[in-house]
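Visitor: Please show me the structure, and then let us go through parts of it together.

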There are 2 protein chains.
Amino acid sequence: MIIKIFAIFCITSYAKAIQPISEENEYFKINFVYAINDINVNSTNSISMDYSGLNSTTKINSNENDCKISPELSDEINKYKSEVEKIIKYVLSGDFKGKTFDLLAELTDTFGARMTGSKELESSIEWLKKKSEEENLENVHSEYFKAPHWVRNNESLYLVRPRRQKMSLLGLGSSVGTPNDGIWAEAFVVTNFQQLEDNPLKAKGKIVVYNPTWTSYSEMVKYRAHGASKAAKVGAIASLVSSVTPFSIYSPHTGWQMYDKTIHKIPTASITKEDAQMLQRFQDRGETCILHLHMGAQNFPEVTVRNLVSEVTGRDIPEEVVVVSGHLDSWDVGVGAMDDGGGSIISWLAPVILRKLELKPRRTIRTVLFSGEEQGLHGGKAYFDLHSKSNEKFQILLESDSGTFNPFGLSFSGNNEAQCLMKEVLSLFDSLNTTKLVMPMEGGPDIIFWEKAGIPTGALLNSNDDYFFYHHSEGDTMTVEDRESLDKCTAFWTALAYILGEFNVTIPR
Amino acid sequence: MIIKIFAIFCITSYAKAIQPISEENEYFKINFVYAINDINVNSTNSISMDYSGLNSTTKINSNENDCKISPELSDEINKYKSEVEKIIKYVLSGDFKGKTFDLLAELTDTFGARMTGSKELESSIEWLKKKSEEENLENVHSEYFKAPHWVRNNESLYLVRPRRQKMSLLGLGSSVGTPNDGIWAEAFVVTNFQQLEDNPLKAKGKIVVYNPTWTSYSEMVKYRAHGASKAAKVGAIASLVSSVTPFSIYSPHTGWQMYDKTIHKIPTASITKEDAQMLQRFQDRGETCILHLHMGAQNFPEVTVRNLVSEVTGRDIPEEVVVVSGHLDSWDVGVGAMDDGGGSIISWLAPVILRKLELKPRRTIRTVLFSGEEQGLHGGKAYFDLHSKSNEKFQILLESDSGTFNPFGLSFSGNNEAQCLMKEVLSLFDSLNTTKLVMPMEGGPDIIFWEKAGIPTGALLNSNDDYFFYHHSEGDTMTVEDRESLDKCTAFWTALAYILGEFNVTIPR
């Protein structure tokens, strides 16, 4: 049976879709809208994507037909066409062809996963810092801040009755561990919070298993984010959640979760949708399932981490800045090639390529590689806190954090006038097929603080329909990346940053 | 980049696609042709299937336009339309709606994986035997034979240099284990056998890693089947092979392998395509990878296992038999819902449903649930050896072992006259959309002995394009199965068996 569902995409951390509970995370409440994508999913596992529905509900500027760009501005924009083509040629078929893939592969192969608080993240930052210096980038430095430090350690889950089976799991970020010998308890499966609240006695003393039917990321992720505290509130001693993905090959997907401060903390982990469905069937047949859950997870004191900054300083108005960014930190599974190694590398390469092509725009082109994103946008918040009150003037902030698959344009937040301007700019990219402009900006979690403050922001649009197949799982590796698509992303990102840096005008706000 | 590749499908064990080495497996040399399917795969992981190319190279009977069915025979076939519709209605929208899924789920949930030699397989056979008796099936019995007995035990693989990373693996069936503390050695990656043979000194003392570019199952599976002995021949101390799948979420896929009797045995396992590609990249960059492989695998003396037989005995000519079959044994990962729980259950249900509908055809309708398939068609061979010289006359043997997704017809081996007859029979199934007839039979590994002997054989055609995503992996679970498709498979299988059992004529041979 084919059923119609909606799936949010362009989201890489729970922080981007949930209503936070704790006060410290007040800034998560920033209201931002995601692209919604029509997907056909049959009742079990198969999925077929409808490309035609991509961004179907994204609000396009209603004034797009009323755009009036002055002839002077239009002429100015059009004169950048030769630089755009020069950059595209260099990256797609010149000396730089294939180098984005190779660099991303070297990063992820050499350091693997880059969890905030890990030595791997520190080493990878140091490695890119050294490369920045070797490439003669300017103002190369780290900006330090504090972030949560959670470590998974060993973990295991067994079905022990009605039969013994090892089950895959991934503990959720910030979860407490279990006692050393684990927790042995009956499973109580629910498909939604209402079922839990309606059956508090059935949940008491049990391991609550959330088995929601996939509809969308935003609908599913609430069980991951808030499931533990909701279960603890009715007396459960642990909770498990079906992984937030429309498709699985027995693959668990981790992610951050948030305890309600008023409720005692219980261990919580993700399991595969295969196992969640199996536990549901056992329960529906009246059979009791006993689980043995062990998690060695630990929450340590906050750790000092850093964003990495490097730039080509503006030749004319260096205090005006175009930011290109991604987050270098990843989860501790897979190697974070997609989330967000790809976005980090294409952003890091923008000033590198400008330097190689001896293009030094009027404004500063600055790469910021955030950390602490997966724990709740800590690097993005720290960057905003440090720079929003400085003397710098931000022309625009760009982030790529929803995949670096085949690019097709930009999502953007800015006023009507700014939208018209960006539309004209993107028209230069017809040879790359990256001319699409949609509003608002989505897929740039670390720059939402700027968006809220009214500064123009943009994020890469790309063909990321399979994004959640790999998201926060062992499947986030170089195997999902494509050499040619990465070249296109780098070319687009670099040329876009160049034009916005060179422009005679400030993007209206 | 989109490249054109070919993929064999409808194959569930290596035995169906490789040229065997050892003499004991002489019978594997039976020459049978598979449907070839056009698939578009980009250079990394994404895959898009071309349904229009399904079975594109399968030889359709060239005489199909010359089919001359006698009016009498055509009339007879058409008179079964009401029984066909009765069966379809009962299974798709009557009392039996959804029961195939429920029974398959109960089988796989209750017993899990059903490896030949395991108590789980024995228990599941006993469970279905009891159910056969409860359903008043006739001639319910087991037929015993010997099969290899291989046990995986604990196994692990680590990259220990240039960095430490736990890697997923699945030891290959019949592999020897490693010493207790494992094997520590450098990896030597090759993409084909020629590279190995050209570089014997580089392989000596190493763990050879096969990283072929996916083209088709038949091309890839030779590295799994013969990789160990080829590597041992040039002095390697173990071998690893990229999993035989076009798509992966860091999922290893197991399967049987065969040692060359003249070469000493070395341990061998499958790894994920993600890790095989990573090891390749390390090597291409000139970096040395050290691996630590531990496998506790053991080969025990042959074990006595059994095929399970049950039937509705023919009311008129009981010695003439229509066989409907699948193999109940599975690999020891996942739960074998697809390979081949689904085929087993729809075959087991055919006589059950006939009984419930009080349809007792002239010939015997016999379910055979084979065992020992994954180790090399041992149950199929035993059945042929026992029955091919008996007084029984086999009208046709049907097997379903290439998935029970949405069915669309039958692959068939038989002479031209038989093909014409089958074409006419399938025309009764327009309401189910299972009217397609392709030649030769494919997806019926246990009945190829009969095919070779000139007896008509058929296998279920179904929309199994994703088959190898899950094949022999932890992903082979109920989650890939679809309730409605299973109903359609059961209805088709039952009604087809009924007609072929009731027929006034013997299928020509």
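Visitor: Which residues in α14(B) does α2(B) meet?

Guide: This is a predicted model, in which local features need pLDDT of at least 70, side-chain atom pairs count only at pLDDT 80 or more, and totals for chains, interfaces and linings use all residues. Residues are numbered from 1 along each chain as its sequence is written, chains are lettered from A and ligands numbered from 1 in the order in which they are written, and side-chain values use heavy atoms, with hydrogens and water left out. Contact means heavy atoms within 4.5 Å, and helices (H or I, at least four residues) and strands (E, at least two) are DSSP runs numbered from the N terminus. From α2(B), B:Glu83, B:Val84, B:Ile87, B:Ile88, B:Val91 and B:Leu92 meet B:Asp487, B:Lys488, B:Thr490, B:Ala491, B:Thr494, B:Ala495, B:Tyr498 and B:Ile499.

Visitor: Are α2(B) and α14(B) roughly parallel or roughly antiparallel to each other?

Guide: Helix α2 (residues 81–92) and helix α14 (residues 483–502), both of chain B, pack with their axes 9 Å apart and at an angle of about 155°. Angles run from 0 to 180 degrees between N-to-C directions, along lines fitted to C-alpha atoms over the stretch in contact, and those under 35 degrees count as roughly parallel, over 145 as roughly antiparallel, 65 to 115 as roughly perpendicular and the rest as oblique. The two helices α2(B) and α14(B) are therefore roughly antiparallel.

Visitor: In β19(A), what is the bridge partner of A:Leu410?

Guide: Strand β17 (residues 407–413) of chain A runs antiparallel to β19(A), and six bridges join them, where strands pair if DSSP finds at least two bridges between them. Within β19(A), the partner of A:Leu410 is A:Leu460.
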